[in-house]
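Me: I would like to go through the labels attached to this model and see what each one rests on. Please take them one at a time.

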Amino acid sequence: MNHVLAASQFDTNGLAILFAEADKMQAAAATPTGSRLLTGKHQGHVMATLFYEPSTRTRLSFESAAQRLGLGLISTENAREFSSAAKGETLEDSIRVIDGYADVIVLRHHETGAASRAAAVSRVPIINAGDGKGEHPTQALLDVYTVLKELSRLDNLTIVAGGDLAHGRTVRSFVQLMSLYAGNKFCFVSTPELKIGDDIKSFLKQKRIEFRETDNLLDGCQEADVIYWTRLQKERLENKTLASNFVIDKAVMKTLPKRAIIMHPLPRVGEIAAAVDRDPRAAYFRQAENGLYMRMVLIDQILSNKSLTR
Amino acid sequence: MNHVLAASQFDTNGLAILFAEADKMQAAAATPTGSRLLTGKHQGHVMATLFYEPSTRTRLSFESAAQRLGLGLISTENAREFSSAAKGETLEDSIRVIDGYADVIVLRHHETGAASRAAAVSRVPIINAGDGKGEHPTQALLDVYTVLKELSRLDNLTIVAGGDLAHGRTVRSFVQLMSLYAGNKFCFVSTPELKIGDDIKSFLKQKRIEFRETDNLLDGCQEADVIYWTRLQKERLENKTLASNFVIDKAVMKTLPKRAIIMHPLPRVGEIAAAVDRDPRAAYFRQAENGLYMRMVLIDQILSNKSLTR
Amino acid sequence: MNHVLAASQFDTNGLAILFAEADKMQAAAATPTGSRLLTGKHQGHVMATLFYEPSTRTRLSFESAAQRLGLGLISTENAREFSSAAKGETLEDSIRVIDGYADVIVLRHHETGAASRAAAVSRVPIINAGDGKGEHPTQALLDVYTVLKELSRLDNLTIVAGGDLAHGRTVRSFVQLMSLYAGNKFCFVSTPELKIGDDIKSFLKQKRIEFRETDNLLDGCQEADVIYWTRLQKERLENKTLASNFVIDKAVMKTLPKRAIIMHPLPRVGEIAAAVDRDPRAAYFRQAENGLYMRMVLIDQILSNKSLTR
């Protein structure tokens, strides 16, 4: 079955198809007639968004995508607190009930591996919308798609990832997918305590992919094509010196390459100054919108029984 | 008006029509073309799910049903906490406002009799999705429909109901509806403190319907055609001896008749072992799915102004 | 862009068009065929209801309106607690993400001025569904529309507003809009501590509009064409003497003019007795329903790019 469980399930051929479809989806959605036609595609199908922890942004993105394709929608944002889960029902049992109501299930869960557990029992496709410290594959797909749209290529790029690299699951998946393409180099900007995991470094070494680490934002970003910035946890922000070293503001922007793009999975809380928003290199709101088209494509491919995985 | 308030409002003729319609609904929904056609049935209508206490499973089942028939949906799962109710508005006033927005209202409420109070003032049909210790008629309908689908008849059955029979409103309604059919016998498996209510026993005696009571699962189920199992309350589960006496596991399954079906309103919390799920007699997930078709039929009949009640 | 931010943005010409459209909308929605045709109007569009504080009634009214026009819907009722806002995201950032998913955003916020802040950054139209002590323009529109439907005119009316006039934003907007029409007079019924704001009185004086104040319900309402009653806050209700002086019951109704209508933004908590509901002058439930048609019109006009503002 066509589950979307992990970024690692995609190869460059599969990605190329998804990105081409996403371009078409955006073009169709850009006109009233196209939008109207899209709603005829999957009428009669229903998607469930089953969120065991709230993630309003991700949920709304999936729900807009589904409805633009004509699907009906059943939704719960606090499955953990409200539903039968509170009475002690297992995730597996919940999935086996919901798969009788819906044709595809988007699952967000606080436990690593939950999406795979759901897929093991589900009669309908599961899309992982984030499971604990594990995976968030649709974020990774939209991130890579954004690079392609902004820079028109995915190879031979210098990619800088900064902020809290120790806890951010989005950076990890992004690095993994970008390493599928030839000639990409990575620079990780972080403090010692927020460094990227050793597993990622081993992964890069094994694939003989060039990378370096620095705690200096200005040093790290000088040759960047892509700057992928992430939010520091609240407790880190209280360390003002630390936090201020990781703020991209107008002064920093002046030192950056002219064609580098700034990406961020959002929400941000100050690590990119609002004044940067008007800079054409600020790609993060376009990145968020790309999530809509990417999710439309995934839902469309899944319900059309087109293979997603290698 | 076509309210659905209580299991007792249905007679065998009315049930036969609903069950025949549910079969057709499932057949139509099983193909993409059929699903698509169904969404054209009630376009332009809106259903409200007004839940004063959360019941995610029931809500999602109704909401999937409505959307598969083309209805729009307005929904609130914690009307009690959030809405005007918190400011002191009566249920009656809330209904009188919502009935201006929706063409049918699905009501879940913590107070017994709430559905009837709503029906007394509403300008649109009310479907009772559970009111306190009172009624949950759509659950009763799907339960009886499940017996028919699984066993191809509704009469001359030995029906075993077990677990917490004192507090479970689903068992009570199920017994009442099954007693409409000739030749059915009942066996109630429970501890003295969780016995089925005297009112149900009086009801059965008055109708001269055979029943017996036992606290022994193995004894009770030997001649069962239908085993309707229910969840023990959390506080009961702490009594391990008590709880373990009411677990249906693979060993128990070996002693049960070959064609007996196991039903459960779900969620379960251990009183049926997960290993039982793969046994073809385990009907509880099919039972949950039947709820979708039964609710589609009720919404369809109501909006088509077809009489539901005797 | 066609934002709906404040009651003051409308003039009598614009209002006349909206009210005529609302009549048509109600007529179309009154038949199955008309309802079905309406759902074809804006298919392919998606509305977001972004509520930073719950207001179930207002949310459901907008969501029913949108779906009756064929829109898809993405919705959150506790954006403040759940979403990225809890992680420190600004309203502006949230809007910039949501405007990539939706074609129109209905915003409810606890801070005065939030709707204007949202409109300043949004790429799609914003409809203000209440922002703090500020504005709630769609309520004001439906209130004025109700007067027109009930009394067939908007001028030369004696309008009595009573209850908590100090804190009720709906009364303030209603008075402002009704003062656009010639010959209207106002009477404010309240206690000294709950009097209408000096700004409203200055506004009326400047426009040379007649008004008076009283703390006596019976005195105030004797010549009323319109009685706009509002809820006392809970803490006021504990003052039983105070509260009982502001209850419209059957006895009070006997003293009122035969053609006066009773309006209320709802919810009520006793300041209009339930026994009054059956009196044909009780217009408050019809008023609530008018909100549906008014919101359908606003969504329709906005998505059709028809100008709303002077």
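**Labels and their grounds**

Reply: Between chain B and chain A the count is five salt bridges. The model is a predicted one.

Me: What makes the pair Glu289(B) and Arg123(A) a salt bridge?

Reply: The closest N and O atoms of Glu289(B) and Arg123(A) are 3.1 Å apart. The cut-off is 4 Å between a side-chain nitrogen of Lys or Arg and a carboxyl oxygen of Asp or Glu, so the pair qualifies.

Me: Which helices of chain B supply at least two residues each to the side that touches chain A?

Reply: They are α2 (32–38), α3 (56–68) and α14 (284–303) of chain B. The most comes from α3(B), with nine residues. By class, this side of chain B has nine nonpolar, seven polar and eleven charged residues.

Me: How many residues are in contact between chain B and chain A, and how much area is buried?

Reply: On the chain B side 27 residues are in contact with 28 residues of chain A. The area buried between the two chains is about 2400 Å², with carbon and sulfur atoms giving 51% of that area. In chain B, the residues that lose the most area to chain A are Arg36(B), Arg57(B) and Leu60(B), together 22% of what that side buries.

Me: What is found between chain C and chain B?

Reply: Here 26 residues of chain C are in contact with 28 residues of chain B. The interface has five salt bridges, and twelve residue pairs are in polar contact, both residues being at pLDDT 80 or more. On the side of chain C that touches chain B, α3(C) gives the most, with nine residues.

Me: Why is the pair Arg57(C) and Glu89(B) called a salt bridge?

Reply: The N to O distance between the side chains of Arg57(C) and Glu89(B) is 2.5 Å. The limit is 4 Å, so this pair is also counted as a salt bridge.

Me: How do you know whether Thr170(A) is buried or exposed?

Reply: Thr170(A) has a relative accessible area of 13%. Buried means under 20%, so Thr170(A) is called buried.

Me: Where is Thr170(A) found, and with which residues is Thr170(A) in contact, leaving aside neighbours within four places in sequence?

Reply: Thr170(A) is part of helix α8 (residues 169–178) of chain A. With those neighbours left aside, Thr170(A) is in contact with Gln139(A), Tyr228(A), Thr230(A) and Pro265(A).

How values were computed:
Residues numbered from 1 in each chain as written. Chains lettered and ligands numbered in written order. Predicted model: local features only at pLDDT ≥ 70, side-chain atom pairs only at ≥ 80, totals over all residues. Heavy atoms only, no water. Helix = DSSP H or I, 4+ residues; strand = E, 2+ residues; numbered from the N terminus. Buried < 20%, exposed > 50% of the residue type's maximum accessible area, 1.4 Å probe, protein only. Contact = heavy atoms within 4.5 Å. Buried area = accessible area lost by both parts, 1.4 Å probe. Nonpolar A, V, L, I, M, F, W, Y, C, P; charged D, E, K, R; others polar. Polar contact = N/O pair within 3.5 Å; in protein donor to acceptor, adjacent residues only side chain to side chain.
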